Each structure stands twice: as structure tokens, then as C-alpha cells.
Amino acid sequence: MKPPVAATAYVNLDSLRYNLTKVKTKVGKSKITTIVKANGYGHGAAAVAQALESTSDSFGVARLEEALELRRVGISKPILLLEGFFDDSDLPIIQANNLHTAVHCEEQLLALEQAQLAAPIEVWLKIDTGMHRLGVRPEQLEEFLTRLKACSNVAKPLHYISHFGCADELDNPATMEQIELFTQLAEAGCERSIAASSGILAWPDSHLEWVRPGIILYGVSPFEAQNAESMGFKPVMSLKSHLIAIRDVKAGESVGYSATWTAERDTKIGVIAIGYGDGYPRTAPNGTPVVINGRRVPLVGRVSMDMLTVDLGCNSQDQVGNEAILWGEGLPAEEIANRIGTIAYELVTKLTGRVVMIYQEEHNE
Ligand SMILES: *Cc1c(COP(=O)(O)O)cnc(C)c1O
């Protein structure tokens with residue numbers, strides 16, 4: 001089959017499985033909640049969950065609809081709503097689909113107390129241990145515990161969850177303080193979870209009973225200074241397209257919208273069929289690397305909606321139809337993100353529906 005010419009995200013399911021196995025070795029006995037929110041960080045939540053269901057203990061999502069999609073494609077492991085539910089009417093759906101919910105606020109507590117449910121729901125009480133985004137403050141904890149324990153819609157025992165604000169900063173003392181507060185506040189003997197990817201990789205004291213890896217499973221690092229490949233993980237997504245034109249540009253001529261780049265010498269410009277309409281960031285500056293025929297060439301000129309341009313050099317032997325790698329194999333998404341001033345989390349989750357997804361695997365389990 002001829003590969004599609006335009007933007008294609010190749011997702012390597014063997015690398016995904018490899019990364020989960022590597023996480024498992026790091027965390028030992030801790031159980032794994034694989035995070036597949038935002039369409040599996042842009043990799044396709046259903047495909048990711050299906051590939052990992054046999055080795056993951058549960059899944060985590062941010063929206064009820066994301067959980068229901070997993071149930072529709074046959075995922076039967078527990079699914080945790082990381083932010084809980086947003087409306088009282090979600091509760092019967094949560095119960096009927098055997099979902100776990102976080103509870104982080106008074107409104108959710110009240111809704112649980114007032115609901116008429118066919119069976120109790122598994123609840124993860126979210127404690128704010130210092131990030132101050134979501135969660136019950138330490139001084140509210142006693143009241144929440146009393147009411148949750150008295151609530152017949154809540155399965156017992158309770159579980160405890162919290163989240164780090166700065167675990168990607170290896171010398172930030174806030175993380176140990178959060179771990180200490182969390183282990184003080186969460187009841188002994190209950191299941192507890194605070195570590196996402198950076199906790200898993202950098203803070204072994206945070207592993208506890210459950211870990212919640214997201215980005216590292218996709219072969220992308222949670223740290224600014226270290227890419228995932230250098231830590232032994234494999235990139236899962238390779239974003240590729242093809243050259244659709246190769247053009248001569250003379251010294252002194254500019255390329256693209258607003259003429260933001262001018263050739264200093266006669267050269268060949270390659271036009272690649274991918275742009276911000278596919279999710280490649282428009283903010284990528286001149287010099288952002290693209291791999292063509294095994295070498296890095298610089299992006300030049302503005303990224304357009306459907307195309308971008310690179311300087312192939314005057315001696316280029318490249319041909320129309322040759323492949324271009326925007327990130328992935330040999331070109332970490334972390335490096336592209338650094339150039340642009342964002343994080344690779346944003347790059348992979350922002351691909352648009354126009355990008356064709358192709359799943360690759362050598363073995364079938
Ligand atoms: C997104 C998220 C995770 C996963 O974070 P990564 O940094 O991608 O590993 C874990 N827990 C919660 C509550 C999250 O929102």
C-alpha cells in the first residue's frame with residue numbers, strides 16, 4: 001500500500017508496551033493507572049487502552065465521555081475520573097459503568113449524599129497537599145471523611161489521591177513536603193496515589209499503592225532537561241509527512257507569509273505537506289529541525305495552515321515524495337517543544353483530526 005502523502009502519526013504499540021513494562025520495573029509492587037485522557041495524549045485512547053489493558057491495572061481519564069468511549073470499545077478494567085463528575089446527573093452513569101470517581105469539593109460530596117443509586121461508587125478522595133488546584137484542604141478533611149463514611153452511595157474503604165505541582169523540578173523541596181503531608185493525612189491501610197510520570201521517575205517515596213503514568217508511557221519526558229530516550233524509553237509517535245515540492249530560491253529572496261526568512265545564498269526550499277491545520281505549531285521558529293533522508297534541515301519561514309518550508313541546501317538530492325519526520329524517531333518531541341517554548345505534552349495532544357493515525361506492531365498478544 002502506498003503511504004498517505006499528507007500528515008500521518010505513526011503510533012508504535014510495541015514501544016508503548018515496552019514503556020509500560022519499564023514503568024512497572026521502576027515502581028515494583030505499585031499498581032498502575034494508565035492515563036489516557038485527551039484521546040490518549042493524542043495517540044488514540046481506544047487503541048492505547050486496548051494495547052495496554054492486559055498489563056495495566058486501571059485507566060484514568062479527565063472526562064466522563066472519555067471513560068464511556070473506553071467502555072464502548074470493550075475496556076473492562078476500572079476507569080478513574082481524575083477530576084470526578086461535573087454534574088449530579090453523571091452519578092447513575094458512573095455507577096452503571098463501574099467507574100471510579102475522584103471527589104475534591106463540597107458540591108460533589110453533596111451530590112453523592114443526595115443521589116439515589118443502585119449500588120455504591122468507588123471514591124478517591126482528593127487531598128490538596130500543596131498544588132492548590134483541586135482537592136480538599138487538610139482542615140476540611142475530617143468533615144469530608146465523616147460525611148463520606150456515612151454516605152451509603154460511597155463504597156468502603158475510601159481511596160486517597162493527590163497530585164504534585166513541581167515534581168519535575170528535581171531539587172524542589174515542595175515534593176517531599178507533599179509526600180509527607182499526603183502520607184500523614186491518608187488513612188493507614190487504604191489505597192493511595194500521588195505519583196504521575198515525574199513522581200515515578202524522580203521520587204521513589206511517592207510510589208505508594210498506585211501510580212498514574214501518562215506522558216512517559218508515550219515515550220516523552222516530563223522533565224525539561226532530559227528527554228525520554230536518554231532515560232531508556234522509546235518514542236511512541238512519529239509525526240511524518242512528505243515533500244510536495246522542491247523549489248529554487250535565490251539569495252535575497254524571502255519565503256512564506258510575512259517574509260520572515262530571507263535566503264543568504266542560492267538554495268533549494270522543500271515544501272512539506274503539514275501545517276498548523278494538522279497541529280504542527282505555527283509558533284515554530286526559523287531553525288526548528290525537520291528530518292529528511294536521515295539529516296536535519298531547518299524550518300524556514302512561517303508555518304502555514306497546510307504546509308511548511310525547510311532549507312534543503314543548494315546540494316540537496318532530495319526528491320518530491322521523500323518522507324519528512326517532524327518529531328519521533330531520531331527527533332525527540334521534547335526537543336521541538338523546547339525550541340517552541342512549550343512542552344511536548346501540548347504538541348502531541350494538539351494534533352487535529354486531519355492527521356491520519358497508523359498503528360504499528362510486530363507481535364499480537
Ligand atoms: C494528567 C494526569 C496524570 C498523568 O500525568 P503525566 O505527567 O502525563 O504522567 C496523573 N494524574 C493526574 C491527576 C493527571 O491529571
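How many nonpolar, polar and charged residues does the lining of the second largest pocket have? The legends below answer this in turn.

The model is predicted: local features need pLDDT of at least 70, side-chain atom pairs count only at pLDDT 80 or more, and totals for chains, interfaces and linings use all residues. Residues are numbered from 1 along each chain as its sequence is written, and side-chain values use heavy atoms, with hydrogens and water left out.

**View 1. The largest pocket holds about 730 Å³ of space.** A pocket is an open set of points on a 1 Å grid over the protein atoms alone, where a 1.4 Å probe fits, with protein on both sides within 12 Å along at least five of seven lines. The volume is the space filled by probe spheres set on the points, which are joined across faces, edges and corners.

View 2. Two or more lining residues come from each of the helices α2 (37–41) and α9 (197–202), helices being DSSP runs of H or I with at least four residues, numbered from the N terminus. The largest share, 3 residues, comes from α2.

**View 3. The second largest pocket holds about 220 Å³ of space.** Its lining has 13 residues, and Pro222, Phe223, Glu224, Thr342 and Ile343 are the closest to its centre. The largest share of this lining, 3 residues, comes from α10. By class, the lining of the second largest pocket has 6 nonpolar, 4 polar and 3 charged residues (Ala, Val, Leu, Ile, Met, Phe, Trp, Tyr, Cys and Pro count as nonpolar, Asp, Glu, Lys and Arg as charged, and the others, Gly among them, as polar).

Methods:
On a 1 Å grid over the protein atoms alone, a cavity is a set of points where a 1.4 Å probe fits but cannot get out, and a pocket is an open set with protein on both sides within 12 Å along at least five of seven lines; lining residues have an atom within 4 Å of a point.
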